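Biologist: Can you take me through this one? Start with whatever I need in order to read the strand pairing.

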Amino acid sequence: MKIRQGMMMLGLLPALVFQAYAEQAGFVLNAEWTAGQENPAVVISMSISKGYFLYADQFRVTDGAGRELEASGPLPIHEKKDPFSGAPVQVLSESFQARYPLPDDAEGSGDVTVAYQGCNESTCFMPQRRTFHFSSGHE
């Protein structure tokens, strides 16, 4: 797993953006934490390679307290026939970006965990949990 962290200032607002990413065959997960804004959030970007998919019911974003965060808009979920069970399942098979508003008690640092299970047409990978720690350096 590769981890990259950076920080940059945005415009005239005292907003900080902290970035981190994790990579697994077929998937690249990126997390950006925006702090110092009126509505702090984490933006999750998932790059999904052609022929791969995530089970929608296994995709979760939680904060450091274990609270599940809700995306501010719909994810690109669609139904397909599961290649392993033959049953219809809800999946994410296109790359996407989603904004997850943070709880009111979120400051300039914290943890965000993204859990998911990915597959291709012949193999399912072990469920993944990626925790990203974001810090403003003022703790």
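Modeller: Two strands pair if DSSP finds at least two bridges between them. Keep in mind that this is a predicted model.

Biologist: OK. Which residue stands opposite V42 in β9?

Modeller: Y100 stands opposite V42. Strand β4, residues 41-48, and strand β9, residues 96-101, are antiparallel and joined over 6 bridges.

Biologist: And β4, how many of its 8 residues are buried?

Modeller: 7 of them, so β4 is mostly covered, with buried meaning under 20% relative accessible area.

Biologist: How about the chain, what share of the 139 residues is buried?

Modeller: Buried residues make up 42%.

Biologist: Switching topic. What is the order of the open sheet of 3 strands?

Modeller: The order is β6-β10-β12, and the pairing is antiparallel. β6 (60-63) and β12 (128-134) are the edge strands, each pairing on one side only. On average, neighbouring strands in this sheet are turned by 20° against each other, direction ignored.

Biologist: How many bridges join β6 to β10?

Modeller: 4 bridges, with β10 covering residues 110-116. In that pair, D63 stands opposite V112 of β10.

Note on methods:
Residues numbered from 1 in each chain as written. Predicted model: local features only at pLDDT ≥ 70, side-chain atom pairs only at ≥ 80, totals over all residues. Heavy atoms only, no water. Buried < 20%, exposed > 50% of the residue type's maximum accessible area, 1.4 Å probe, protein only. Helix = DSSP H or I, 4+ residues; strand = E, 2+ residues; numbered from the N terminus. Axes fitted to C-alpha atoms, helices over the stretch in contact; angles between N-to-C directions.
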